[in-house]
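Please look over the sequence and the structure before reading on.

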Amino acid sequence: MLHATINGNTREFAEGTTILAAANQCGFSIPTLCDDPRLKPAGACRLCLVDVEGSLRETPSCAVEISDGMTVETHSAEVEAGRLMNLKMLARTYPAEAFEQFPEKPFHRIARDYGLTAADFAQNINGHLVDDSHTYIKVDMSRCIDCYSCVRICDEVQGQFIWQVAGRGEESFIVPDNFGPFGESSCVSCGACSDVCPTGALEDRSVISLGIPEKWTRTTCPYCGTGCEMQVGTRGDQIVQVRPVNDAPVSSGHLCVKGRYAYGFVDAPDRVTEPMIRENGEWRKVAWEEAIAYTAEKLNGYIAADGPDSVAVLGSARATNEENYIAQKFARVALGTNNVDCCARVCHTPTAAAMKMMLGTGAATNSFDDIELARTILICGANPTENHPIPGARIKQAVRRGAKLIIIDPRRTELTKYADVHLQLNAGTNIPLFNALAHAIIDEGLADEDFIRERVDEFEQFKTFLADYSPEAVAEECGVAAEDIRAAARLYASAKPAMCFHGLGMTEHLQGTEGVMTVVNLALLTGNIGKPGSGVNPLRGQNNVQGSAHMGCDPGILTGSIAVEEGRPLFESVWNAPVPEAKGLNQLQMVDAAKAGKLKALWTIGYDVFLSNANSHETERSLAGLEFCIVQDLFMNETAKRFAHVFLPAQSSFEKDGTFMNAERRIQRIRRAVTPRGNARNDWEIVCEVAKAMGKAEHFAFENVEQIWDEVRAVWPAGRGISYPRIDQHGLQWPCPDESHPGETVLHGESFSLGKRASLRRIKYRPTPERVSADFPFLLTTGRTLYHFNAGTMTMRTPNIELLPTDEIMICKADADSLGLRNGERVRMVSAHGNATLPVKITEKVRPGKLFATFHDPKVFLNYATSPVRDRFTLAPEFKVTAVRLEKIGG
């Protein structure tokens, strides 16, 4: 510890503490306009200058650390006079109107503290410095004070480098990277520049039009599985601004365009807020009592006539942990069936299955904070800067600091320009490629022999199996040079610790589960597991897809991801009700059973099954076989439009309380920021009311979400230490078995969940039946984009629609030229299974013969063209490989 004296107060300070931070610890507030915990110290604003004894000039307190014996005066007469002079110089060319209109801005607040009034500011500033071109941010450079915070945060946090300093010295000025309208720049609309701006030179348009927030509510983002925390600003019960939480453990004061700006769906004009029953093809608004009684009567009728397994429930990745727990309990206790699942089935259930079979736990082994500890980062089948933008930005910054990066992806993504190696494989060849990586590691003597000796089984059998999978043997099939495969293998095995992130490009295949097993094989071979900066980490796609399955919305598992048979005694004792014996149906099996006439009724919560499932023609035929369909959602989605008999309006995450579970196993609070719209209700309340109407009231007598969570803790030993009081400020990661446990950040340190040792798996390559031909010469891969989210239910009801109006199909220039296609031209994409029409985007991100399309827009309905192929273990659809052709419209 160091001793220093600040304004006559001598105290101890930790090494590395800046003078500014030390003064704050002593209760002295030093004004600053360019200091931010997310940024490196800059000292640009010169307001934080202080007197340090022995120094010939005033010292920037934000940039200089305390030294032993230092004596500091933070508010001497000379220092204060200098601050006042600086403020008056800034005010001289700054608009008085802005000073008066936005009193909460840091610059305006400090200026008032030092006695400045509107008379000290400029009058009648010319508006030629205003740029109104951006969807979310208004630019007024007459309010810029050259603190360069926008430049720094775009560089140091987001890594986008949009804001540039042009000119030199006093003639310098700040411009976007295109030196033109900000809205036409490379900006990704994360809003970090607006958030850090101390004056409002960069300002959220929502604040200008709707006013300054009167109240702030801390909650968790409703989009991807990263789990970013945010402050929701409201005024008059309307969301007017969202800002990041600086001390959030996952996002560290950053958000993406969806979390920051895509909240307008809450008050979308087509939001459904009244229960409805369809009669003779027409929807009729009803009271909740009628909707609940009708639903309960119908479900009881099917159970009585056809048995409990004639009914099924689908939980929601957008709903809370508590609501998913209630959904699966309703299926098992009120209905008496294990027919319960969620949308994890069509995305990362292969990950959970693979990792549970090999390691004992089907979840991420490490934490997002390990990004900064990894020497090598391997990203396979994922595009983090678009689909998980905050981890994506952290990865960019890690690489800029020296981490090595390997990208395995059929496309050139943003991160490939930072990559040491990009293996641009043919879609569908994950198995031979990862087997080849393993072969190269062993062949070149790079396997971790000590780790294998202590913790890995079946090494010799695995080594023998790999004889047919040398890089040279698989190069042609994979479309990747053998030497590139070997280079990636050397990097992953040598520059340790190495951390792997994977996405749906690994799971949504015929061999999706087995593909994830090959990733685990690499971690076991190299000892890159069970330690910080390493591991196998799925990037989960939705805000609570990890939680929905983990709460038991899966036919084969109960809460805590325990097998039904194994968990039966504990659950029956807590529930005081039997757990059904019959094996349940997963989502794909439900669809098949509906077509066969065996499944009579389906309740789908926050999940547009029709739009989301692959091979929509088949899904359409199957759902048409249902006699009774309940849709519970915010909007009349495609499933509801075509097949629902009852619509139950749910609350958005901004209107309720509960918890989400992110991709790193972290349980975090969500909190109500606005009142529920219309008569919309919590998902858990709706389900409990139906259960009561079915005669099961004693099992669903919950009064609030904390009571539900406490029952979750009772049936989930690994989560018993995660109480609401403990996660009030920061979330906790499981396992966390008691309230003294800090939560586990890294799994499998000393042993695996299934024991001391894990076995390598010998995975034989089985090619997908989707192959190119004369009729279908292109291979299509589908996925998400930065600006939209899954079925578009939320983002396509926000101004994000201006940033990307509809789905696009990416094609390389050579292929576009050969077909005579122009950028933006609409084409018909045809497969053996169906077709979809959408505009072309000509890009060099895809190779000849390969296409990529997004799937968010129901007007496009891309899944009418995707294939019926399913994963061999979990039945997850193969969204990533479909053979197609392109036809010119009218040609």
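## Basis of the model

This is a predicted model, in which local features need pLDDT of at least 70 and side-chain atom pairs count only at pLDDT 80 or more, while totals for chains, interfaces and linings use all residues. Residues are numbered from 1 along each chain as its sequence is written, and side-chain values use heavy atoms, with hydrogens and water left out.

## Aromatic rings

A pair of aromatic rings is described by the distance of the centres and the angle of the planes. Here rings of Phe, Tyr and Trp (its six-membered ring) pair if their centres lie within 6.5 Å; planes under 30 degrees apart count as stacked, over 60 as edge-to-face and the rest as tilted. The structure has 22 aromatic pairs. One of them joins Phe107 and Phe121, edge-to-face, with 6.0 Å from centre to centre and 65 degrees between the planes. This pair links distant parts of the chain, 14 residues apart: Phe107 belongs to helix H4 (residues 106–113), and Phe121 to the loop between H4 and strand E6 (130–131). Helices (H or I, at least four residues) and strands (E, at least two) are DSSP runs, numbered from the N terminus. Phe107 and Phe121 are both buried, where buried means under 20% relative accessible area, exposed over 50% and partly exposed in between (1.4 Å probe, protein chains only). Together with Tyr94 and Phe99, Phe107 and Phe121 form one aromatic cluster.

How are the rings of Phe610 and Tyr864 placed? Their centres are 6.2 Å apart and their planes are at 90 degrees, so the pair is edge-to-face. Phe610 is in helix H24 (residues 609–612) and Tyr864 is in the loop between strand E37 (850–854) and strand E38 (882–888), so that the pair links parts of the chain 254 residues apart. Phe610 and Tyr864 are both buried.

## Charges over rings

A charge sits over a ring if NZ of Lys or CZ of Arg is within 6 Å of the ring centre and within 35 degrees of the ring normal. Lys298 lies over the face of Phe628, 5.5 Å from the ring centre. For Arg797, the charged end sits over the ring of Phe635, at 3.9 Å from its centre.

Helix H11 (residues 349–359) has buried residues, among them Thr349, Pro350, Ala354 and Leu359. What covers the buried residues of H11 includes strand E22 (498–502), helix H20 (512–526) and strand E32 (758–759), with contact meaning heavy atoms within 4.5 Å. Just after H11, Gly360 has a positive phi of about 100 degrees.

Helix H18 (residues 482–494) has 13 residues, which at 1.5 Å a residue should span 18 Å; its end C-alpha atoms are 18 Å apart, which agrees. The expected span is 1.5 Å times one less than the number of residues in the helix. Among the buried residues of H18 are Ile485, Arg486, Leu491 and Tyr492.

## Backbone details

Lys496 and Pro497 are joined by a cis peptide bond, with omega about 5 degrees. Pro497 is in the loop between H18 and E22. Another cis peptide bond joins Trp734 and Pro735, with omega about 0 degrees.

Asn576 is not a glycine, yet its phi is positive, at about 55 degrees. Asn576 lies in the loop between helix H22 (564–575) and helix H23 (587–595), and is exposed, with a relative accessible area of 65%. Leu875, also a residue other than glycine, has a positive phi near 70 degrees. Leu875 counts as partly exposed, at 22% relative accessibility.

## Pockets and cavities

On a 1 Å grid over the protein atoms alone, a cavity is a set of points where a 1.4 Å probe fits but cannot get out, and a pocket is an open set with protein on both sides within 12 Å along at least five of seven lines; lining residues have an atom within 4 Å of a point. Grid points are joined across faces, edges and corners, and a volume is the space filled by probe spheres set on the points.

The largest pocket holds about 920 Å³ of space. Its lining has 43 residues, and Lys356, Asp554, Gly556, Ile557 and Ser561 lie nearest its centre. H11 gives the most to this lining, with five residues. There are twelve cavities of 30 Å³ or more. The second largest cavity has a volume of about 140 Å³.
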